[in-house]
Amino acid sequence: MGSIAPEEAVPTFKTPWIQTPLVESASLSRAAGCRVFLKLENVQPSGSFKSRAMGNQILSHLIKPENINRPVHFFASSGGNAGLAAVCAARSLGYPCTVVVPVSTKPLMVQKLRSAGAADVIQYGETFSEAGEYMRDVIMKNGDANESADVVKVALHPFDNEPIWEGNSTIVDELVTQLPPAVGEEEEAAHRGRPLPVDAVLCSVGGGGLLNGLVMGIERHRRTQKKNQLVTVTQSKPIHLLAIETKGTDSLATAVAQNSLVSLPKITSQATSLGAIRVSEKTFQYAVSPPAGIAVHSAVLSDADAARGVLRLVDDERVLVELACGVCVEAAVGDAAKASVSAGSGSLVPGQNKKRKREAEDYLTQRDEGYGDDRSSEADEAASPCPPLQSKLKQMVPNLCPDSRVVIIVCGGSNITIDTAAEWRKMLQEGWVN
């Protein structure tokens, strides 16, 4: 009898991302009026959640039968963070990665890409799309004379494919074990039937890869939950997903408003990491028709709002992130910080400026630094000259209470320096509002 050759074994690879911490923020909880948890994706190897997205996408190509035991060269088009994540992941697995970025990419990010070990960094075009087309049509086709003809060339997308979303969905897997269990009859009743004991999750949206992953992760755990239930789970309250953008990158909000998957004419926000002129089709579908048990809300804030969120994380949590990440913090706490910042801007009522500025400075000096109790007392609220105002979070999820749970995905980002944050602080004090 003839023999059948055994199939080539699929190699195993290490996971090119890490499990990130979930911490409860006392200062943000007080400002938001509910329990705020921070999922610290800024500590990923590349500095952002993109380590999950690009890492899993790279793994999905390496385990394909046609690529096993062959040399592979990855190519990524990105405004920076996805490309940096691709380089970090590819290099950690022993493969080269070339990155093509728009000409608007700052020198800081170009240098970080080179320092991370990119095979090459090329600047071309005004948008992600133009950079990607040039990468596929010119860079990949022309090839490298020093490379073997046997090299497999793989183009990586920054946000729009299934492995990317699956990589991002691992955030939910971690939240399942990291969120504290519901305690007491009231909390148990509030979260009964939910796959996660959480009321809302805030994430920023560029092309939508992060939002897609969160929805997929919640859905996966909902299916597991139903499979393990011996009785039918009663209808539960939905988990609210807040999809946050800056004005000038608001491709999702524009699509939702027009009920059509449209593209922005250009990106005008400083939050260039969110600079996808068109979200993925899956993101649009999730926004207009989310799965049962999930409510998706779209919100748009200004660059100045995003800067306030960045400075809140700097001041209260000692974390430095991009505008694309800070915008979620401001969406959660609203204008609670704006009055204190404006106290030095000359925008208050004449004759009261000096007094209110002094009160605001006293408040900022005396406020809790994150070590105290995470519930504000009535006396604290009465004494504060900067009472929290209405936030996007409370507008969209109006029934939140002090025991409600909210998770902010601190997506991170490497295109930021402390000098930039200091400049934003100065601009806000001088009246920056958009």
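**Figure 1. The whole chain is a predicted model.** Residues are numbered from 1 along each chain as its sequence is written. In this predicted model, local features need pLDDT of at least 70 and side-chain atom pairs count only at pLDDT 80 or more, while totals for chains, interfaces and linings use all residues; side-chain values use heavy atoms, leaving out hydrogens and water. Here pLDDT is the predictor's confidence in each residue, from 0 to 100. The protein chain has a mean pLDDT of 85, with 83% of its residues at 70 or more. Residues 1–5 have pLDDT below 50, and beyond near neighbours in sequence this stretch has zero contacts in the model; a contact means heavy atoms within 4.5 Å. Residues 339–389 also stay under 50 in pLDDT, yet the model gives them 59 contacts beyond four places in sequence. The chain holds 17 helices and ten strands, where helices (H or I, at least four residues) and strands (E, at least two) are DSSP runs numbered from the N terminus.

**Figure 2. Strand β3 (residues 72–77) sits between two partners.** Six of its six residues are buried, so β3 is largely enclosed by the rest of the structure. Buried means under 20% relative accessible area, exposed over 50% and partly exposed in between (1.4 Å probe, protein chains only). Val72, Phe74 and Ala76 point one way from β3, while His73, Phe75 and Ser77 point the other way. Strands pair if DSSP finds at least two bridges between them. With strand β6 (residues 152–156), β3 pairs in the parallel sense over five bridges, and Phe74 stands opposite Val154 there. Strand β4 (residues 97–101) also runs parallel to β3, joined by four bridges, with Ser77 opposite Val100.

**Figure 3. Strands β8 (residues 239–246) and β9 (residues 294–301) form a parallel pair.** Eight bridges link the two strands. Look for Glu245, which stands opposite Val300 in β9. Strand β9 is mostly covered, with six of its eight residues buried.

**Figure 4. Leu196 is a buried loop residue.** Leu196 lies in the loop between α7 and β7 (200–204). Leu196 counts as buried because its relative accessibility is 2%. Not counting residues up to four places away in sequence, Leu196 touches Val172, Leu175, Val176, Leu179, Ile218 and Ile239. Its C-alpha atom is separated by 8.7 Å from that of Arg222, 26 residues apart along the chain.

**Figure 5. The largest cavity has a volume of about 300 Å³.** On a 1 Å grid over the protein atoms alone, a cavity is a set of points where a 1.4 Å probe fits but cannot get out; a pocket is an open set with protein on both sides within 12 Å along at least five of seven lines; and lining residues have an atom within 4 Å of a point. Grid points are joined across faces, edges and corners, and a volume is the space filled by probe spheres set on the points. Of the 26 residues lining this cavity, Phe49, Lys50, Gly206, Ser273 and Leu274 lie nearest its centre. Helix α8 (209–228) gives the largest share of the lining, three residues.

**Figure 6. The second largest pocket has a volume of about 350 Å³.** Its lining has 19 residues, and the closest to its centre are Ala190, Asp199, Lys237, Asn399 and Ser404. Helix α7 (residues 184–191) supplies the largest share, six residues.
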